Amino acid sequence: MNKQAVFDYLNELNVWHEITEHPAVYNMEELSEVKLPYPDADAKNLFVRDDKKRNYYLITVKGDKRVDLKEFRKQNDTRRLSFASENDLKDILKLIPGSVTPLGLLNDEERQVHFYLDKSFFDDKQIIGVHPNDNTATVWLKVTDLVNMIEKHGNEVTVEYL
């Protein structure tokens, strides 16, 4: 699914969303320079794999949080973790660096990526801002709608405080 296909899919499902178009951003620092309607709901996404390249994880936290992969490993009983390669990102999620997003899981044909979502998105407004498989926009969704779409697609979802 490319950017337009994501928008079409959200419309087809009748899912509430807002779109913020912006210049391409490749990291949270660049995104911080963009005027966002819900800056506290913006997501940071890490695509990681275990040391045997058998298990892949997408970890999504609020943009201002830091993820300690060693602590995540202990908390979730995984093997040693490192960032997945650019090739893995392209082959599995059909994304390029800088555009990692939970919506990329809709491209995971083998449903091999386990999605971990920070439970803090369920506090306050319960909105999340993610790229629509392209880093030139942020789409704002209700976090429950995002989780429902990914579960419906068949990827495993874990919601916990990260």
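This is a predicted model: local features need pLDDT of at least 70, side-chain atom pairs count only at pLDDT 80 or more; totals for chains, interfaces and linings use all residues.
Local features here need pLDDT of at least 70, side-chain atom pairs count only at pLDDT 80 or more, and totals for chains, interfaces and linings use all residues. Residues are numbered from 1 along each chain as its sequence is written, and side-chain values use heavy atoms, with hydrogens and water left out.

View 1. Asn135 sits in the loop between strand S6 (127-130) and strand S7 (137-142); helices (H or I, at least four residues) and strands (E, at least two) are DSSP runs, numbered from the N terminus. A polar atom of the Asn135 side chain is 2.8 Å from the backbone oxygen of Val25. Skipping neighbours within four places in sequence, Asn135 is in contact (heavy atoms within 4.5 Å) with His22, Pro23, Ala24, Val25, Tyr26, Gly98 and Ser99.

**View 2. Lys94, a non-glycine residue with positive phi.** Look for Lys94 in the loop between helix H4 (86-93) and strand S5 (113-118). Its phi is near 60°. With a relative accessible area of 41%, Lys94 is partly exposed.

**View 3. Asp124, another loop residue, between S5 and S6.** Here, too, phi is positive in a residue that isn't glycine: Asp124 has a value near 55°. Asp124 is exposed, since its relative accessible area comes to 74%.

Technical notes:
A polar contact is a pair of N or O atoms within 3.5 Å; within protein, one must be able to donate a hydrogen and the other to accept it, and residues adjacent in sequence count only if both atoms are side-chain atoms. Buried means under 20% relative accessible area, exposed over 50%, partly exposed in between (1.4 Å probe, protein chains only).
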